[in-house]
Amino acid sequence: MAKKFDPATAVQNVNQFGEFGGVNPSITDSATFTFLSEKTMIDAFHGEAEGCFLYSRHWNPSNKYLADALAAMEGTESAWVTASGMGAITTAILQLCDTGDHVVTSVTTYGGTFAFLKNYLKKFKIDVTFVNITDLESVRKALRPNTKVLYTETMTNPMLQISNLPELAKMTRNNGTKLVVDNTFTPMIFSPFKLGADIVVYSMTKFINGKNDCVAGAICASQEFINDISDVNTGTAMLLGPVLDPLRSSSILKNLGTLHIRMQKHSENAMYLAERFKEIDLKFIYPGMPEHPEYELMRELMNEDYGYGGMIAIDVETAEKAAPFMEVMQEKGVGYHAVSLGYFKTLFSNSGKSTSSEVPVDIQKEMGLSPGLVRFSVGLDNDIERTYEMIKSCLFELKYI
Ligand code: PLP
C-alpha cells in the first residue's frame with residue numbers, strides 16, 4: 001500500500017546546511033547581490049540564471065530555505081514567503097484576477113480577508129459572491145464562466161467549519177477557476193494541495209511560527225504560479241513587494257522543525273477542553289466532537305497524527321457576557337485576552353468584536369456568528385486540567401453555569 005503523505009516527515013527530509021556546515025542555514029543579510037559577469041546579471045533578471053540571487057525583494061537565500069521547507073510540507077513544487085498572511089492572500093488573489101473577473105468565497109473567513117474581498121476588490125471591479133462553503137450546491141450555483149478564484153479556509157475563522165476541498169476542487173477543475181485555500185488554522189492537520197487545492201496560503205504569524213514575535217505569510221503552489229508572482233514585469237509579489245525579511249525567515253524555519261509536536265499538543269489540549277465542556281453542557285464549537293456537523297468530513301480528510309486542532313469556541317450568547325468572562329479569565333491566568341492564535345499560551349477574544357468585526361453585524365447573524373462567541377487558541381499548557389478548572393471557575397463566578 002502506498003504510504004500516505006506525511007507533512008512532518010516531508011519537513012524532516014529537507015536537508016539544508018549553512019556554507020560552513022552549520023546545521024542551520026546561514027542568514028543572508030543582503031538586499032542585493034553582486035555578479036562577476038554582466039551576462040549572468042541580465043540572465044538573473046529574467047529568471048534564467050539557476051542558483052543566482054539578484055535582489056531580495058525577488059528572492060533571498062534565507063527566504064528560499066524557508067520556502068523550500070514549506071513547499072515540502074505542503075507537497076507543492078514551490079513556495080514564496082511574505083511579510084504577513086494578508087500579503088500572501090492578497091498577492092495570490094490579485095495575481096489570479098483581472099478587472100471584470102469574479103471570485104466566489106466562503107462568507108466565513110478571517111475578517112481582514114473578508115474586508116479585502118468585499119471592499120478592496122471593488123477598486124478593480126472584481127465581483128465577489130459570498131457563500132456558505134459547506135453548502136456545495138450554493139457554491140456550484142455561484143460559479144460563473146469568469147470566476148477566477150474559489151476561496152476558502154480549510155477550517156474557517158471563526159466558525160470552525162470544515163471545507164470539503166476534494167468536492168470544491170472537482171467544481172473548479174476544467175473551468176479556469178483556481179481553488180485558493182487558507183490553511184492557517186490547521187498546518188499539518190490538513191494538506192490542502194494533496195486534497196485538490198491549487199494554491200495554499202498561510203498566515204505564518206500563527207501556528208507555523210508559534211512564538212507571536214513576528215507577522216509573516218506564505219504562498220505554496222506550482223513552480224509556474226510562483227514564477228508568475230515573482231515575474232519582474234507582471235508579478236504581484238515582485239511589483240507590490242510584500243516580501244518577508246530574511247532574518248525572520250531564518251527564525252521561522254527553526255520553529256517549523258517543532259510544528260508537528262506543537263500541533264499535536266495544541267490539539268490534545270483543545271480536545272481535553274471540548275470533552276470537559278461537553279460534560280458541563282456548555283455551548284461550544286470544536287470539530288473534533290461527533291456533534292460537529294463536519295466531524296466525519298474532517299476525519300476523512302485530515303492527516304491523522306495531528307489531532308483536530310487547537311481552536312475551540314465557547315458561545316456565551318452576548319458580547320456583554322463575553323467581556324467580563326474574558327477579563328476574569330485573564331485575571332485568573334487562563335491566558336491572554338488577545339487576538340491572533342497559535343501561541344504557546346492560550347489566547348482568547350470575542351470574534352464578532354475583534355477578528356470578525358469587519359463583517360457587518362447582519363452578515364455575522366446570517367452566518368450564525370453569535371455575538372457572544374469567545375474564540376480560544378488553546379496553548380501548550382502542561383496541566384490542561386488546571387486550565388479547565390480555571391475556565392470553569394470563571395464561568396461559575398459569573399453565574400454562566
Ligand atoms: N488568515 C487567517 C485565518 C487569519 O486568522 C489571519 C489573521 O488573523 C490572517 C489570515 C491574516 O494574517 P496576518 O495577520 O499574518 O496578515
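Rings of Phe, Tyr and Trp (its six-membered ring) pair if their centres lie within 6.5 Å. Ring pairs of this kind link Phe325, Phe348, Phe376 and Tyr400 into a cluster. The model is predicted.

**Aromatic pairs**

The count of aromatic pairs comes to eleven. One of them joins Tyr120 and Phe124.

**Charges over rings**

Two lysines are placed over aromatic rings. The charged end of Lys64 sits over the ring of Trp59, 5.7 Å from the ring centre. Lys194 lies over the face of Phe5, at 4.6 Å from the ring centre.

**Ligand site**

The shell around the ligand has 15 residues. Gly85, Asp182, Ser203, Thr205 and Lys206 come nearest. By class, six shell residues are nonpolar, six are polar and three are charged. Helix α4 (residues 85-96) gives the largest share of the shell, three residues. Which protein atoms lie 2.7 Å, 2.8 Å and 2.9 Å from a ligand oxygen?

| Residue | Protein atom | Distance to a ligand oxygen |
|---|---|---|
| Lys206 | N or O atom in the side chain | 2.7 Å |
| Gly85 | polar backbone atom | 2.8 Å |
| Met86 | polar backbone atom | 2.9 Å |

Taken alone, the ligand exposes 390 Å². The protein buries 91% of that area.

Note on methods. Residues are numbered from 1 along each chain as its sequence is written. This is a predicted model: local features need pLDDT of at least 70, side-chain atom pairs count only at pLDDT 80 or more; totals for chains, interfaces and linings use all residues. Side-chain values use heavy atoms; hydrogens and water are left out. A residue is near a molecule or strand if one of its heavy atoms lies within 4 Å of it. A polar contact is a pair of N or O atoms within 3.5 Å; within protein, one must be able to donate a hydrogen and the other to accept it, and residues adjacent in sequence count only if both atoms are side-chain atoms. Accessible areas come from the Shrake-Rupley method with a 1.4 Å probe; for residues, only the protein chains shown count as cover. Helices (H or I, at least four residues) and strands (E, at least two) are DSSP runs, numbered from the N terminus. Ala, Val, Leu, Ile, Met, Phe, Trp, Tyr, Cys and Pro count as nonpolar, Asp, Glu, Lys and Arg as charged, and the others, Gly among them, as polar. Rings of Phe, Tyr and Trp (its six-membered ring) pair if their centres lie within 6.5 Å; planes under 30 degrees apart count as stacked, over 60 as edge-to-face and the rest as tilted. A charge sits over a ring if NZ of Lys or CZ of Arg is within 6 Å of the ring centre and within 35 degrees of the ring normal.
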